[in-house]
Amino acid sequence: MDKKELLPLIENYHRKISKVNLRFLRYLYHKINWETRIISIRGARGVGKTTMLLQYILKNYENIDDTIYASLDDLWFADHSLIDLVDMVYKYGMKRIFLDEVHRYPHWAITLKNIYDSYPDFSIVYTSSSLLKIDNGQVDLSRRQTPYTLYGLSFREFLAYNEVYNFNPFPLDEILRHHPEISMEILSNIKIFPHFEEYLKRGYYPFYNEDPEDFVVRLRESINVVIENDLPAVEHVSFETIQKVRKLLMIISSNVPFQPKMSDLWGQLSTNNELGLKMLYALDRAQILSLLTSHIKNYKQLYKPDKIFLGNTSLMHALCLSINKGNERETFFNNQIQVYHKASYPLAGDFLIDDKYLFEVGGRNKTFEQIADVADSYLAIDDIETGFGNRIPLWLFGFLY
């Protein structure tokens, strides 16, 4: 294969990287071991996976043509294989490539395994939908690759991305012990509530700043792409199932916070429990929904969810006809804490975190009545700037990552 055949990929690569800057790096960037031979970065559509790949190239390659970026949904791959690409760039001295949308490539896992085995001094960084399973049933790449998941902007990142102020993140145990001091430090630099309200509406996805007026339209379109393209590529579902997934999302977004009676829900969808749970958990993996169960989430065993949220508050404002303030608060808390911690549905209270910390989420009049005398219990309270004791400002949980 002549290098001229790479020109469509190279031109697309150059177009994309010309629009990227290094002003803001996501929380995950410095946590990745970039020396690993195969790096997997999963994440929902629109959270910034492609940008992070291109930023790495800009920061680490004096000549950007010493490597190449390609999206595997590019038309170029209609009559070329990924092996063709690797073989070509390897002959020209490249030792690493960056790939997007790997889930759109047939037999992607076997292909990556073959590249790993056949080119021992070659490495790949790839992104995929958060729907993708590391063990896809054909070949397990888990021993060969290092997987990471990129989530959307935290409230802290939103402030830095919009050049309001660049704060450091705070671990959960530090927030629990020292939240008054941390809150005062932050409040001495910014007025928190106007930015928090803005974040809740549209702050989770970095692409909001590209075209604020069309943000909701673009977000809805990205959800359609997940359901119509990403889901079939990963799960090989039928057209009928795709339509049911779409209806399922509309039912839930009209009723969040949703505490489902499963038989009624499956009746509305004309489906059974097994397929219904698979659809719910697929939307959870896609980070469109977030399922809360009495067990810590395990995708190998699909438990009936006790409560269903939309994945983040930006999705709420794009999909829901009206916003329930209590649900918005819980959705924010659930979304921000899930990056580094495991949430489950408790017998009392709203969230049990890491099987240890019990949380109630509410407004300034919320009391400990429901979780009185429970060890390690806390209130995450909206509409307060600072807290005391075990009453912690809700917005502060946006500084976990």
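Phe 98 stands opposite Val 125 in strand 4. Strands here are DSSP runs of E with at least two residues, and helices are runs of H or I with at least four, numbered from the N terminus. The model is predicted, so that local features need pLDDT of at least 70 and side-chain atom pairs count only at pLDDT 80 or more, whereas totals for chains, interfaces and linings use all residues. Residues are numbered from 1 along each chain as its sequence is written, and side-chain values use heavy atoms, with hydrogens and water left out.

Strand 4 covers residues 123–129 and pairs with strand 3 in the parallel sense over four bridges. Two strands are taken as paired if DSSP finds at least two bridges between them. Strand 3 (residues 96–100) also runs parallel to strand 2, to which four bridges join it. Leu 99 in strand 3 is the bridge partner of Ala 70. Both pairings belong to an open, parallel sheet of five strands in the order 2-3-4-1-5. Strand 2 and strand 5 (145–150) stand at its edges; each has a single partner strand, so one side of each is left without a neighbour in the sheet. From one strand to the next, the twist averages 15°.

Strand 2 spans residues 68–71. Ile 68 and Ala 70 point one way from this strand, Tyr 69 and Ser 71 the other way, and all are buried. Buried means under 20% relative accessible area, exposed over 50%, and partly exposed in between, with a 1.4 Å probe and protein chains only.

Helix 2 (residues 49–60) lies across strand 1, strand 2, strand 3, strand 4 and strand 5. Helix 2 runs at about 160° to strand 3. Such angles run from 0 to 180 degrees between N-to-C directions, with axes fitted to C-alpha atoms and, for helices, over the stretch in contact. Contact means heavy atoms within 4.5 Å.

Strand 1 (residues 38–43) contains Ile 39. Ile 39 is buried, with a relative accessible area of 0%. Leaving aside residues up to four places away in sequence, Ile 39 touches Ile 32, Asn 33, Trp 34, Ile 124, Val 125, Tyr 126, Thr 146 and Tyr 148. Ile 39 and Ile 124 are 85 residues apart in sequence, but their C-alpha atoms are 6.4 Å apart in space.

Helix 10 (residues 262–269) has Met 262, Leu 265, Trp 266 and Leu 269 as its buried residues. They cover an arc of only 95° around the axis, which puts them on the same side of helix 10. The arc is that of the directions from the helix axis to the C-beta atoms. Ser 263 and Gly 267 are exposed on the other side. The buried residues pack against helix 9 (239–253) and helix 11 (273–285). Ser 270 follows helix 10 and has a positive phi, near 55°.

A further open sheet has five strands in the order 8-9-10-11-12, with mixed pairing. Strand 8 (343–344) and strand 12 (391–393) stand at the edges, each with a single partner strand, so one side of each is left without a neighbour in the sheet. Strand 8 pairs with strand 9 (residues 351–353) in the antiparallel sense over two bridges. Leu 352 in strand 9 is the bridge partner of Ser 344. Helix 6 (residues 172–187) packs on this sheet, touching strand 9, strand 10 (357–362), strand 11 (377–381) and strand 12. The direction of helix 6 makes about 75° with that of strand 12.
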